[in-house]
Amino acid sequence: MPDTRHRWIDALRLAAGVSMVGLHASSDAAGQPYPDAELAEKAFPLIARAFIYTARTELFILISLFLLVMALDRRPRPYATTIKEQTRRLLVPFLFWTGFYAVWNLQKASAFGYLDGYQNVLASPSEWLRFLVLGSSKYHMHFLPTMFGLVLAYPLFLCAVKRPWLGVLFLFGLALKREADVFLWVNAQDLPGFDYILRTLKILSYCGYGLLAGAFYGLSKRYGHGRWPRQALAVAVSLGLVLLAIKFWHTARIMVRGDWDYNFTPGYWADYTMPAVLFVCAMLLANRRWPGWVSRLAPYSFGIYLCHPIFLDLAESTTAKTHLGPTGQFLAEVGFALVATSFFVLALSRLNSLAWTIGMGPMPRLTQFFSLQRSNQQERAHV
C-alpha cells in the first residue's frame, strides 16, 4: 500500500537539515579545510564531509520545488496567490533571521578578533543591502532569497510534469553555471554589483533543478506505487557510488592542497548531481516501510537549518581556545551543535509567538499587533 504521508520526502528533509550541521563543522573557523593541520589530523572530518555533502543545499531546493509542484498540481491557484504564500513562508522568516544574525555575529567577531571590522560592516548601507538581497548575514542564509527567486519561475517547472524529459536540462543549467562562473571570476570581479550578477546567474542556472523537480513529480505520478522499471534502483545506486568515489578523489586532493580545489571539474559535477541521485534513490524506495519517527522529526529540519550556526559559533569560540585537532574540533562541534540546536528548535516550536520563525506556526499579523496596541491603550486609559 502506498505511503500517503510521503515518508521518503520526510527522510530527505531530515537528512538535509542534519547534514548542514556536519557540513559547516567540517572546516576551521575561517571556513577552510584545516590548511595548517597534518594530513592524518584532518582526514576524518574531510572524509566525513564527503559523505555529509551528498545532502547539500541543492537537495533542499529539489525537495521544496517538488512539494510546491505537487501542491499546485493537486490544488491549482493563481500565480499571485502562490507568490504571496511563498513570500510569507520564505521572506518573513528570512527578515527575522537576517536581523538576528546581523547582531549575533558580534559574538563571533569579538571571539576571533575582528569586532572593529564587523562593526564597520553593520554601519554600511551597502552591506545591509547584501544582507537583504543576497542573504550574506550568515553563511547559510543565501538559501532563502535564492529559493524565492526560483519560486518566481515555478510556471516553467510545471511544464516538466507532463514532459519529464525537460528535467535533463538541469545538466545544461549546471554546465552554464560552471562556465559562466569561471568567466565572471576571471574577467568581471571588478564590476559594480559583481556579487549580484553571480547570484542572478545562480538562480537562472538553478532553474534546471526546478525542471528536474517537476520531472520527478511527473515520473512519480506515472510510475509510482511499484511501477518503476525493475533495474531503476540498481542503476541509481550504482551512479551514486560512482559519484561518491569521485567525491573521495576530490577530498584526497583537498587534503593534500589545503584548499577547496574549486577548479576540479569531476568534483564539481559529483557535488551538484549527487543531490539529484539521492532524491531518485529515496523516490524509488517510496513504497518501502519508513520508520514513523522520520515524519515526526522532519518538520524540525527547517529550524535546524536556520538555527544551527548559533551553536556552531559558540562551539567554535570554545574549541579555538583548546588544543583539539581537527578531528576533536569536528566531533565536539557537531555533538554540541546538533544537540543544542535540536532542543532550541523544539523550544521555539512550542512558543506560539516564535514558532513561525522556523516554519512551524502561523505568521504574525499586523492586525493582531495593532489590536494589541489598542487594547493596551484602552487599559491605560481606564487606569
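In which helix does Leu-132 lie? In this predicted model, Leu-132 belongs to helix α6. Leu-132 counts as partly exposed because its relative accessibility is 43%. Together with Leu-95, Leu-129 and Val-133, Leu-132 makes a nonpolar surface patch of about 350 Å². Helix α6 (residues 125-134) supplies the largest share of that patch, three residues.

The largest nonpolar core holds 88 residues. Trp-8, Leu-65, Phe-66, Trp-97 and Phe-279 have the most contacts inside it. Helix α12 (residues 265-284) gives this core its largest share, 12 residues. A second, separate core has six residues, among them Ala-188, Phe-194, Leu-198 and Leu-201. Leaving aside residues up to four places away in sequence, Phe-66 touches Trp-8, Ile-9, Ala-213, Phe-216, Tyr-217, Ser-220 and Phe-279.

Salt bridges number 15. One of them pairs Asp-271 with Arg-56, with the closest N and O atoms 3.9 Å apart. Asp-271 lies in helix α12 and Arg-56 in the loop between α2 (39-52) and α3 (57-74), so the pair ties together parts 215 residues apart in sequence. Both residues, Asp-271 and Arg-56, are buried.

Asp-195 and Arg-130 also form a salt bridge, at 2.2 Å from N to O. Asp-195 sits in helix α10 (residues 194-223) and Arg-130 in helix α6, so this pair ties together parts 65 residues apart in sequence. Asp-195 is partly exposed at 31% relative accessibility. Arg-130 is partly exposed at 23%.

A further salt bridge joins Asp-259 and Arg-257 (3.1 Å, N to O). Shared partners link Arg-56, Glu-58, Lys-247 and Asp-271 into one salt-bridge network.

Terms used:
Residues numbered from 1 in each chain as written. Predicted model: local features only at pLDDT ≥ 70, side-chain atom pairs only at ≥ 80, totals over all residues. Heavy atoms only, no water. Patch = residues over 30% accessible without salt bridge, like charges linked within 9 Å, V, L, I, M, F, W, Y side chains within 5 Å. Areas by Shrake-Rupley, 256 points an atom, 1.4 Å probe, with all protein chains shown as cover. Salt bridge = Lys/Arg side-chain N within 4 Å of Asp/Glu carboxyl O. Helix = DSSP H or I, 4+ residues; strand = E, 2+ residues; numbered from the N terminus. Buried < 20%, exposed > 50% of the residue type's maximum accessible area, 1.4 Å probe, protein only. Core = buried A, V, L, I, M, F, W, Y, C linked by side-chain atoms within 4.5 Å. Contact = heavy atoms within 4.5 Å.
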